[in-house]
Amino acid sequence: MKKLQNFINGVYCPPASGKYFDNYDPSTGEVYSLIPHSDCEDVSCAVSAAEAAYPIWSAMSVEERSRILIRLSVGIETRMEEFVAAESRDNGKPLSLAAQVDIPRAISNFHFFATAILHFASESHYMEGVGVNYTTRKPIGIVGCISPWNLPLYLFSWKIAPALAAGNCVIAKPSEVTPYTAYLLGKVAQEAGMPQGVLNILHGMGAQVGDAIVRHPKIKAISFTGGTKTGEYIAQTAGPMFKKLSLELGGKNANIIFADCDFDEMLSTTMRSSFANQGQICLCGSRIFIERPLYKRFKQAFVEKVSRLKVSFPADPEAKLGAVVSKPHMEKILSYIALAKEEGGTVLTGGHRVLLKPPYENGYYVAPTIIEGLEYTCRTNQEEIFGPVVTITPFDTEEEALKMANSTEYGLAGTVWTSNLKRAHRVADNLQAGIVWVNAWLVRDLRTPFGGMKSSGIGREGGWEGLRFFTEAKNIFIKS
Ligand code: NAD
């Protein structure tokens, strides 16, 4: 059985504990590799390596850092097939999705920040007759990057690329549910000529190695993406240590559809915004609100299309949905479907586990599910399910749609479908969300601020925001 290794000080090494735990293939439900059970000893080791590397990396010219990061991006591209296969196997997502979205985006993340750092500038503020202020932005030092399982390498690289570009040394931890592509990244970093100790990748459980990263006094900033409860815990731990914190947390996004929208475009995009990656994207629109005159037509067409989506093993080229990420996650999704029924909802399609033929009979497959007839305030409509489950609800007025959309504790993203320009601006402006798409979904420009309000997080990633987070600003005033 393949044993994954930590990547510390530029080399692969076993965990200090010598212990490992199982890594499951969600498509079959079988263990296929072993994950290092790292703890605070591995974190200490990685911090020592990062401390030694920091003077070298932070003093390197931005051009040189940029060249190394570009080589990293090219290195992933060169090993595209290996990364795509690993991501799909580890996560359960269709191979086609990993090939079209996950791995290309990880490549872009490194390339984007490798070039962005060349154009990153700090401000100066001139005070007439008094003097001038100029602001320097230096790397923070050693930073921690902790990522989730839904878009494994995509979100891992979204954090470590700006951190490295800005001149920090990184202690990174991928999700223990999907560690494989982060494990492969070590080799690419070696080949790219990344100095040893600059990027350290530790595997293991959140409560052990993740917690040790958050608590380590020499790790000065934490960039975290994951669940709101975990974010709350991290904030409680890191807050009193005055660490810089970026928290990208859960969501329960609204998809608001007005009767005057372009129906065909809305329908095909809503299929994706509901079920892409088995609904396991923090930006998926799981609550769909439809203006009443369109409700019947939408319901009929949506149910008909969704019931034809093929749920299959990830390597099936016809698979529209693959496996969900783990057995506990599948059980959580199914328990929410049961809850929805208890709360008075009607399952219009799906609502059950899908059993495939051997060798996939123990895989974690859930049919794409549409539920109607629920109050917008019920738990199914308020809590994050993070699976292929959406609810549909009619509305009569714009105010009512906004009231329902804004009723959750979350505020990550939202989608609005209308051909009325004024309404588009108005509704987008009043949606309590950090990201809003009008007549579109998941169009991403890496320069834009990315993140949520309310319980969906603190801070923003992306573009200058990401580079600002990973640098410390100092203002210097000189009297004229
Ligand atoms: P999770 O919170 O369980 O785990 C995320 C990461 O944190 C993992 O690497 C985990 O090992 C680690 N972790 C867990 N406990 C920890 C602790 N006590 N200290 C330090 N690290 C700890 O989340 P998940 O189940 O992996 O991911 C799903 C969640 O992520 C969903 O809520 C989803 O909405 C959210 N998400 C948010 C965004 C966003 O951009 N806002 C993007 C993707 C996913």
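## Exercises on a predicted model

Keep in mind that the model is predicted.

**Exercise 1.** Work out which strands form the open sheet, in what order, and which strands are at the edges.

*Solution.* Begin with the pairing of β4 and β5 (residues 30-36), which is antiparallel and runs over 6 bridges.

**Exercise 2.** Describe how helix α4 packs against helix α5, and sort the contact residues by type.

*Solution.* Take the geometry to begin with: α4 (residues 95-119) and α5 (residues 152-165) have axes 8 Å apart, at an angle of about 10 degrees. Angles under 35 degrees count as roughly parallel, so α4 is roughly parallel to α5. Now sort the residues in this contact: 14 are nonpolar, 2 polar and 2 charged. On the α4 side they include I103, F110 and F113, while α5 brings, among others, L153, W158 and I160.

**Exercise 3.** Is S223 buried or exposed, and what does its side chain touch through a polar contact?

*Solution.* Find S223 in strand β11 (residues 219-225). Its relative accessible area is 1%; buried means under 20%, so S223 is buried. Then check the side chain: S223 makes a polar contact with the side chain of E461 at 3.5 Å. Beyond four places in sequence, the contacts of S223 also include C145, K159 and F469.

How values were computed
Residues are numbered from 1 along each chain as its sequence is written. This is a predicted model: local features need pLDDT of at least 70, side-chain atom pairs count only at pLDDT 80 or more; totals for chains, interfaces and linings use all residues. Side-chain values use heavy atoms; hydrogens and water are left out. Two strands pair if DSSP finds at least two bridges between them. Helices (H or I, at least four residues) and strands (E, at least two) are DSSP runs, numbered from the N terminus. Axes are lines fitted to C-alpha atoms, for helices over the stretch in contact, and angles run from 0 to 180 degrees between N-to-C directions. Angles under 35 degrees count as roughly parallel, over 145 as roughly antiparallel, 65 to 115 as roughly perpendicular and the rest as oblique. Contact means heavy atoms within 4.5 Å. Ala, Val, Leu, Ile, Met, Phe, Trp, Tyr, Cys and Pro count as nonpolar, Asp, Glu, Lys and Arg as charged, and the others, Gly among them, as polar. Buried means under 20% relative accessible area, exposed over 50%, partly exposed in between (1.4 Å probe, protein chains only). A polar contact is a pair of N or O atoms within 3.5 Å; within protein, one must be able to donate a hydrogen and the other to accept it, and residues adjacent in sequence count only if both atoms are side-chain atoms.
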